[in-house]
Amino acid sequence: MIDIIVIGAGIIGSTVFYECTKQIKNVHLFEKNHKPGLEVSGHNSAIVHSGVDPLSNTLKAKYNLMGQAMYEDYAKELETPFKRIGAFVVAKNEEECKHLDVLEQRAKERSIPVVRYSVHEAMTLEPNLNPNVIAVLDMPTTAIVDPTHLATQAVNKGVEHGGTVHFEETIVSIQPRGDHFEVTTTKGIYQAKVVVNCAGLYADKIEALLGEPTFYLEYRKGEYLVLSENLSLVSSRIIYPVPSPLGKGVLYVPTISGRSLVGPNAVDVDSFISQPIQDEAIKDMKVKMNHLLSNIPYEKEVERFVGFRPRVNQDDFIIQEHPHVPNFFTLAGIESPGIASAPAIAKDVTTTMILPALANRR
Ligand SMILES: Cc1cc2nc3c(=O)[nH]c(=O)nc-3n(C[C@H](O)[C@H](O)[C@H](O)COP(=O)(O)OP(=O)(O)OC[C@H]3O[C@@H](n4cnc5c(N)ncnc54)[C@H](O)[C@@H]3O)c2cc1C
């Protein structure tokens, strides 16, 4: 009998698998794709946020702050790149300046280092800022990673610890059988003591295998354009507007691979089936970005991609043991800051929920 089955090799399932294998060898990770990190974890801005944005008393705030504090060492442990390039949050008018005040105050309360600049001060550091900007909040702890590489490294190291990974194997049924679960995949039937649902956009469908799900996911699409690797940097930092209720807005992000991203937009959609990105959407993002940053060489566009945020209506992560099915854990609704939070979620959930459940069950 398997001790722990983890479903999904996105950044969340891969790091949970890695953390579990530090303590126990008999851990199996199932992923329907041929490698880790190809779904939500491979289609995002890849930013390790400072932790200033999530509202207080949420799991998003708790894990973002914990993740930000541990990320540099965690990336070293996993031998994956991590670059603390910093971010400027940019205000274009007095109303947005009031929001910068709120972020600055929250940063102080959370001991996050920030510096407020006038546009003239900020332009000495980032000369391509739009001169119509009126104020900037510098967040020097903001960093970038490669989430697909991080997930891959977590899986590889979990396997080195003795864990087992099953690629191209989809979970299709989960039956509670008293003291264990019978888990059916497209390739076989397995018995497991504990099951951990990290299925990203499919997490509600996995929970529905046990009966009426305790939550439903909604989807918010985010589209990007990618500028080429040979680009001399327009900005060495991430540039983003004052966040709105829909999210952080359209960003400029230098990536680990040396490319730059412009995006994402935020459009609520009924399904996550990808459709071609409309030129109108790209045009709209360019207009928004031009209010923040000038001289972006859009002729160097090499690619476009789309990501889907898995959302729940409580607007926070769901991290819970199933209310009616003991030893079944769900990590769902993991939208932003899921990348920033992943190491903290994995460590905390493994040590405070999964391993104690396994020990008590024995
Ligand atoms: C546009 C956008 C921008 C974002 N920007 C940021 C950011 O800058 N910083 C940040 O912190 N966060 C960001 N996020 C959020 C972040 O990307 C997610 O929180 C994170 O990637 C979620 O990871 P996951 O492992 O939960 O999901 P996924 O990466 O989707 O992993 C789930 C895995 O489960 C597998 N799976 C599903 N069903 C089954 C099954 N039945 N059997 C086997 N396997 C299955 C899937 O194939 C998939 O690989 C962004 C998200 C989006 C969409």
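This is a predicted model: local features need pLDDT of at least 70, side-chain atom pairs count only at pLDDT 80 or more; totals for chains, interfaces and linings use all residues.
Residues are numbered from 1 along each chain as its sequence is written, and side-chain values use heavy atoms, leaving out hydrogens and water.

Now for the overall build. The protein chain has eight helices and 20 strands (DSSP runs numbered from the N terminus: H or I of at least four residues for helices, E of at least two for strands). Its radius of gyration is 21 Å, close to the 21 Å that the globule rule gives for 362 residues, so the chain is as compact as a globular protein of that length. Here the radius is taken over C-alpha atoms, and the rule is 2.2 Å times the number of residues to the power 0.38. Along the principal axes, the C-alpha atoms fill a box of roughly 65 × 45 × 35 Å.

What about the inside? Of the 362 residues, 58% count as buried, meaning under 20% relative accessible area, with exposed over 50% and partly exposed in between (1.4 Å probe, protein chains only). Among contacts (heavy atoms within 4.5 Å) between residues at least 6 apart in sequence, 73% join residues at least 24 apart.

Charged side chains come next. The structure holds 28 salt bridges, each a side-chain nitrogen of Lys or Arg within 4 Å of a carboxyl oxygen of Asp or Glu. In one of them, D279 pairs with R304, and their closest N and O atoms are 2.9 Å apart. D279 lies in helix α7 (residues 279-290) and R304 in strand β18 (residues 301-311), so this pair ties together parts that are 25 residues apart in sequence. D279 is exposed, at 54% relative accessible area, while R304 is partly exposed at 30%.

R304 also forms a salt bridge with E301, with closest N and O atoms 2.6 Å apart; E301 is partly exposed, at 27% relative accessibility. Back in helix α7, E280 and K283 are three residues apart, or about one helical turn. These two form a salt bridge at 3.8 Å between the closest N and O atoms, and both are exposed. Elsewhere, salt bridges link E19, K22, E77 and K347 in a network.
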